[in-house]
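Please examine the sequence and the structure shown below. The report that follows describes selected contacts and pairings.

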Amino acid sequence: MISSECPPWIDPGNAFRIDVKCVAYKAMLEYGNLDMDEQYHDVWVDICSGYNLDRFVTDMAAKIIWGPSQELAVWAVDSDSAAKWKIRKNEHFEKMIKSRLIEKMADVIVEVVDKGGYQTGHTTTWSKGSSGVTSHAEPSNVEDIGDTFSSPDHFESFHEPVDWSLLTVIPHLDQDGEAYGLADEETVYEAMGFKAADERVAQAAEEEAAIPVMPADLQHDMFEAAIESSS
């Protein structure tokens with residue numbers, strides 16, 4: 001509730017009033033969520049006290065509530081154009097007050113927003129597969145929990161034979177006009193030493209398989225000798 005009366009502990013000559021509008025939000029508290037309606041508050045400042053953004057946030061914490069996963073975003077509002085800009089630093093807040101010393105008041109809008117990269121106190125589930133890979137999903141707010149995945153125990157690889165005769169050389173567009181020469185298979189076969197190796201294997205096979213041929217007259221003599229010995 002906004003009051004136009006200066007608190008007794010502030011010299012009226014140094015008093016500065018900040019009219020605060022807090023937009024409706026959802027307070028994400030540790031025991032649950034709580035819907036908060038739009039609110040209006042006033043903060044009285046002694047301009048000689050070096051009042052800044054940090055002290056303003058502390059004062060607002062006594063007037064409104066927000067959860068540990070949330071923070072307060074502060075916007076200064078121009079009273080003439082209704083334009084607003086975000087106040088991020090203490091010096092920016094101090095400059096806002098100095099720019100309003102004649103009016104002795106300033107309009108401010110605050111929003112309760114989620115903290116970036118906040119990690120809740122909930123137990124996060126980890127999963128580990130046989131490959132040793134783990135996964136951890138960080139929650140974005142209090143309601144989130146960790147998502148997990150487990151790696152499979154086995155990975156199957158499927159290898160199909162390659163039919164090299166069906167391969168096609170596809171030129172690049174940036175090489176238009178250049179020659180695309182394919183290496184001669186016989187040349188590659190010989191250059192890689194495969195031809196010589198195959199020749200050596202074939203020669204060795206022929207030498208092992210060679211059987212001496214008996215002359216016909218020798219075969220005849222041996223046949224007659226076998227008949228005589230049997231009689």
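Which residues do ring pairs link into a cluster? Tyr 51, Phe 56 and Phe 93 are linked in this way.

The model is a predicted one, in which local features need pLDDT of at least 70, side-chain atom pairs count only at pLDDT 80 or more, and totals for chains, interfaces and linings use all residues. Residues are numbered from 1 along each chain as its sequence is written, and side-chain values use heavy atoms, with hydrogens and water left out.

## The aromatic cluster

The structure contains two aromatic pairs. Rings of Phe, Tyr and Trp (its six-membered ring) pair if their centres lie within 6.5 Å; planes under 30 degrees apart count as stacked, over 60 as edge-to-face and the rest as tilted. The ring centres of Tyr 51 and Phe 93 are 6.0 Å apart and the planes stand at 50°, so this pair is tilted. Tyr 51 is in the loop between β4 and α1, whereas Phe 93 is in helix α2, so the pair ties together parts that are 42 residues apart in sequence. Here helices (H or I, at least four residues) and strands (E, at least two) are DSSP runs, numbered from the N terminus.

Tyr 51 is buried at 5% relative accessibility, and Phe 93 is buried with a relative accessible area of 0%. Buried means under 20% relative accessible area, exposed over 50%, and partly exposed in between (1.4 Å probe, protein chains only). The rings of Phe 56 and Phe 93 have centres 5.2 Å apart and planes at 35°, so that pair is tilted. The pair links distant parts of the chain, with Phe 56 in helix α1 and Phe 93 in helix α2, 37 residues apart. Phe 56 is buried, as is Phe 93.

## The nonpolar core

A nonpolar core is a set of buried Ala, Val, Leu, Ile, Met, Phe, Trp, Tyr and Cys residues joined through side-chain atoms within 4.5 Å. The largest such core has 26 residues, and those with the most contacts inside it are Ile 18, Phe 56, Phe 93 and Val 110. At least two residues of this core come from each of β1 (15–22), β2 (25–29), β4 (39–46), α1 (53–61), β5 (70–77), α2 (90–99) and β7 (105–114).

Which residues does Ile 18 touch, not counting residues up to four places away in sequence? They are His 41, Asp 42, Val 43, Val 45, Tyr 51, Phe 56, Phe 93, Ala 106 and Val 108. Contact here means heavy atoms within 4.5 Å.

## Salt bridges

Side chains of opposite charge can pair when their charged atoms come close. A salt bridge is a side-chain nitrogen of Lys or Arg within 4 Å of a carboxyl oxygen of Asp or Glu. By this rule there are three salt bridges, listed in the table.

| Side chains | N to O distance |
|---|---|
| Arg 17 and Asp 19 | 2.8 Å |
| Glu 38 and Lys 21 | 3.7 Å |
| Lys 26 and Asp 35 | 2.8 Å |

Arg 17 is buried, with a relative accessible area of 16%, and Asp 19 is buried at 12%. In the salt bridge between Glu 38 and Lys 21, distant parts of the chain are linked: Glu 38 is in the loop between β3 (32–36) and β4, Lys 21 is in strand β1, and they are 17 residues apart. Glu 38 is partly exposed at 41% relative accessibility, and Lys 21 is partly exposed at 28%. Lys 26 is partly exposed, with a relative accessible area of 39%, while Asp 35 is exposed at 57%.

## Strand pairing and a loop residue

Two strands pair if DSSP finds at least two bridges between them. Strands β2 and β3 run antiparallel and are joined by five bridges. Tyr 25 stands opposite Met 36 in β3, and a hairpin of two residues joins β2 to β3.

Where does Lys 104 lie? Lys 104 is in the loop between α2 and β7. Although Lys 104 is not a glycine, it has a positive phi of about 60°. Lys 104 is partly exposed, with a relative accessible area of 36%.

## Cysteines

A disulfide is a covalent bond between the sulfur atoms of two cysteines. The cut-off applied here is a pair of cysteine sulfur atoms within 2.5 Å. How many disulfides does a search of the whole structure find? The search finds zero. Cys 22 is buried, with a relative accessible area of 0%, whereas Cys 48 is exposed at 58%.
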